[in-house]
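Please look over the sequence and the model shown here before reading on.

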Amino acid sequence: MGLFSTILEKLGFGGAQAAPAPDAAASSSPTATASPAISVVDVVGQLEQKAAANAQKLNWKTSIVDLMKLLDMDSSLGARKELATELGCPADKMGDSAQMNMWLHKTVLARLAENGGNVPADLLD
């Protein structure tokens with residue numbers, strides 16, 4: 001199981017199967033437009049609840065490290081690089097951990113939304 005699937009599972013997404021990346025979905029035939037109903041997961045509510053119960057002050061809204069810590073995941077540089085690779089991080093951002101982290105945080109939240117997560121627009125910008 002990939003790291004993103006682990007994130008989905010920890011947030012209670014049914015089946016923990018990540019939706020295909022947008023470019024993979026675009027390559028499918030135009031007649032295959034029907035998709036199964038996706039139940040909405042209250043991502044913010046769950047993360048806020050976890051943050052309130054956590055002794056550490058974790059800012060999951062801006063930090064991928066804190067987001068991963070809140071989900072009891074390995075947040076080491078190696079784990080973040082693995083997740084970034086899994087999600088298709090551009091090579092130019094992979095060499096700069098700060099840029100990779102910012103890209104990764106935005107991408108994880110966007111992918112949560114794509115998979116039926118209720119993520120506010122201000123966290124996706």
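Predicted model: local features only at pLDDT ≥ 70, side-chain atom pairs only at ≥ 80, totals over all residues.

Residues are numbered from 1 along each chain as its sequence is written, and side-chain values use heavy atoms, with hydrogens and water left out.

The chain contains 8 helices and 0 strands, where helices (H or I, at least four residues) and strands (E, at least two) are DSSP runs numbered from the N terminus. Read from the N terminus, the order of elements is α-α-α-α-α-α-α-α. Of the 125 residues in the chain, 37% are buried; buried means under 20% relative accessible area, exposed means over 50%, and partly exposed lies in between (1.4 Å probe, protein chains only). The accessible surface of the chain is about 7,000 Å², and carbon and sulfur atoms contribute 53% of it. Such areas come from the Shrake-Rupley method with a 1.4 Å probe, and for residues only the protein chains shown count as cover. Among the contacts in the chain with a separation of 6 or more, 53% are between residues 24 or more positions apart, a contact being heavy atoms within 4.5 Å.

How many of the residues of helix 1 are buried? The count is 6 of 8, and the helix is mostly covered. The buried residues are Leu3, Phe4, Ser5, Thr6, Ile7 and Leu8, and they pack against helix 5 and helix 7. After helix 1 comes glycine 12, which has a positive phi near 85°.

The packing of helix 1 on helix 5 may be taken next. Helix 1 (residues 3-10) meets helix 5 at an angle of about 95°, and their axes are 8 Å apart. Axes here are lines fitted to C-alpha atoms, for helices over the stretch in contact, and angles run from 0 to 180 degrees between N-to-C directions. Helix 1 is therefore roughly perpendicular to helix 5, since angles of 65 to 115 degrees count as roughly perpendicular, those under 35 as roughly parallel, those over 145 as roughly antiparallel and the rest as oblique. On the side of helix 1 the contact involves Leu3, Phe4, Ser5 and Ile7, and on the side of helix 5 it involves Ala79, Glu82, Leu83 and Glu86. This contact of helix 1 with helix 5 comprises 5 nonpolar, 1 polar and 2 charged residues. In this classification Ala, Val, Leu, Ile, Met, Phe, Trp, Tyr, Cys and Pro count as nonpolar, Asp, Glu, Lys and Arg as charged, and the others, Gly among them, as polar.

Helix 1 also packs with helix 7, at an angle of about 60° and with the axes 11 Å apart. That angle makes helix 1 oblique to helix 7. The crossing of helix 1 with helix 7 is right-handed; a crossing is left-handed if the near helix is turned anticlockwise from the far one by less than a right angle, and right-handed if clockwise. Here Phe4, Ile7 and Leu8 of helix 1 touch Val108, Arg111 and Leu112 of helix 7. By class, the residues of this contact are 5 nonpolar, no polar and 1 charged.

Helix 5 and helix 7 (residues 97-114) also pack with each other, at about 55° and with their axes 10 Å apart. These two helices are therefore oblique to each other, and helix 5 passes helix 7 in a left-handed crossing. Helix 5 contributes Leu77, Arg80, Lys81, Leu83 and Ala84, while helix 7 contributes Ser97, Met100, Asn101, Trp103, Leu104 and Val108. The contact of helix 5 with helix 7 has 7 nonpolar, 2 polar and 2 charged residues.

Some single residues complete the account. Serine 75 lies in the loop between helix 4 (64-70) and helix 5 (77-86). Is serine 75 buried or exposed? Serine 75 counts as buried because its relative accessibility is 13%. Apart from neighbours within four places in sequence, serine 75 contacts Val65, Met68, Lys69 and Arg80.

Aspartate 42 is found in the loop between helix 2 (22-26) and helix 3 (43-53). With a relative accessible area of 42%, aspartate 42 is partly exposed. The C-alpha atoms of aspartate 42 and asparagine 118 are separated by 5.1 Å, although these residues are 76 residues apart along the chain. Alanine 53, in helix 3, counts as exposed at 70% relative accessibility.
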